[in-house]
Every structure is written in C-alpha cells, then in structure tokens.
Amino acid sequence: MDFLYISSETIEQTELRLLKVIAGAEFEIFEGFYTFEEYPLRDFHANFNENALAHVRDKEIWSQLVPSEDKTKELFKLIGFHFKPGFDNSGFVGWLATHLKQKLGTGVFVVCGQNSGKGGIFDYWGCPCEIGGGFITEVHSLIAKGNQLL
C-alpha cells in the first residue's frame, strides 16, 4: 500500500520531480463545462446527481460539481489527473496551482479523491471557462517538459 511520501529537496529538485509526475500521470480533459450546485444537508437524497464528479459538504450544505451549459451560472473547464504508483506526487497541488496562477493570472480549484485500484490519489482541476483553452495549453506544455525528463 502506498502512503504519502515525505521528502526533503531543493526547489529545483521539486520542480524536476513534479514535471516527471505530471508527465507520468493519466491526464483527462472533460467535455463541456461544470458548475457547483448547492443544497441543504437534509436534502441530499432528493438532490443527489449521479453525473456529479464530486460531492463535498460542510456543516450546512452539500455542494456537487455537475455538467452544465447554463451561462447564468459560474462555469468551469475541468481536467483530471490519476497518479501512477511509484511517483512521489507530494506538493503537486501547490506547485501546479502556483504555476497556473503565475501564467494565467487566475486561481484554480482542486477536488481530490482516492482510487486505490488506479494508484491512489486523483485530482479534478477547474478554472473559469473563459480561460479554459490557455489552462489546457499550459498543462500540455508542462507535460511535454516532463516527458523530456522521463
């Protein structure tokens, strides 16, 4: 069983390691756009959407990430990563989020889950739909850099 790995490395070593991680990950671009729907905790069974990619709650509401083309809502472009076993992906979220903020001028959101049958942690990443093309282009660029290192 793989657990989180704690390492001590320089910034440069982290950059090289995470470029290899992104190149080795299973990468997916989701069709269309997504939005968050919210509803009270007590209404879970009435509002659960089986097409949602994620269901997250706090003490008051459920929030589900669902496909949507409704332009009256905040829409997001989504990508996903499944990380391969044996790759130390510690720090990946902070590294990629910082890189994307610097390159695109906007933040992103990340929803993580676990699938032990596919290597462990997986991430869904979202950005505003207006910059979805640049978002995907920048991730492809990082994957290409990582592939040069593998």
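How far apart are the mean positions of the 13 positive and 20 negative charges of the protein? They are 3 Å apart. This value, like the others below, comes from a predicted model.

## Overall build

The protein has 150 residues, of which 37% count as buried. It carries four helices and seven strands. Read from the N terminus, the order of elements is α-β-β-α-β-β-β-α-β-β-α.

Along the principal axes, the C-alpha atoms fill a box of roughly 50 × 35 × 25 Å. The radius of gyration is 17 Å; a compact globule with 150 residues would have one near 15 Å, so the two agree. Take the contacts between residues at least 6 apart in sequence: 69% of them join residues at least 24 apart.

Strand β5 covers residues 76–82. How many of its seven residues are buried? The count is seven of seven, so the strand is mostly covered.

In a regular strand the side chains alternate between the two faces of the sheet. In β5, Phe76, Leu78, Gly80 and His82 point one way. Lys77, Ile79 and Phe81 point the other way. Both sets are buried.

β5 pairs with strand β1, residues 26–29, through four bridges. The two strands run antiparallel. Here Glu28 has Gly80 of β5 as its bridge partner. β5 also pairs with strand β7, residues 120–128, over seven bridges. This pairing is antiparallel too. Within it, Leu78 stands opposite Gly126 of β7.

## The β3–β4 hairpin

Strand β3 spans residues 54–57 and strand β4 spans residues 61–67. Four bridges join them, in the antiparallel sense. Three residues lie between the two strands, which form a hairpin. Val56 stands opposite Ser63 in β4.

Val111 has a relative accessible area of 15%, so it counts as buried under the 20% cut-off. Leu16 is 95 residues from Val111 in sequence, and their C-alpha atoms are 24 Å apart.

Helix α3 runs over residues 92–104. Thr98 and His99 are both found in α3. Which of them is buried and which is partly exposed? Thr98 is partly exposed, because its relative accessible area is 42%. His99 is buried, because its value is 13%. Beyond neighbours within four places in sequence, His99 is in contact with Glu138 and Leu142.

Val108 sits in the loop between α3 and β6, the latter being residues 109–115. Its relative accessible area is 23%, so Val108 counts as partly exposed. Not counting residues up to four places away in sequence, Val108 touches Ala97, Leu100, Trp125, Gly126, Cys127 and Phe135. One of these, Gly126, is the residue of β7 that stands opposite Leu78. Another, Phe135, is 27 residues from Val108 along the chain, with 9.6 Å between their C-alpha atoms. Thr98 and Val108 are ten residues apart in sequence and 9.3 Å apart in space, C-alpha to C-alpha.

Glu130 is found in the loop between β7 and α4, where α4 covers residues 132–149. Is Glu130 buried or exposed? It counts as exposed, because its relative accessibility is 66%. Glu130 and Asn49 are 81 residues apart along the chain, and their C-alpha atoms are separated by 25 Å.

## Accessibility side by side

The residues discussed above are listed here with their values.

| Residue | Relative accessible area | Class |
|---|---|---|
| His99 | 13% | buried |
| Val111 | 15% | buried |
| Val108 | 23% | partly exposed |
| Thr98 | 42% | partly exposed |
| Glu130 | 66% | exposed |

Notes
Residues numbered from 1 in each chain as written. Predicted model: local features only at pLDDT ≥ 70, side-chain atom pairs only at ≥ 80, totals over all residues. Heavy atoms only, no water. Buried < 20%, exposed > 50% of the residue type's maximum accessible area, 1.4 Å probe, protein only. Pairing = 2+ DSSP bridges. Contact = heavy atoms within 4.5 Å. Rg over C-alpha atoms; globule rule 2.2 N^0.38 Å. Lys, Arg positive; Asp, Glu negative; His and termini not counted. Charge placed at Lys NZ, Arg CZ, Asp CG, Glu CD.
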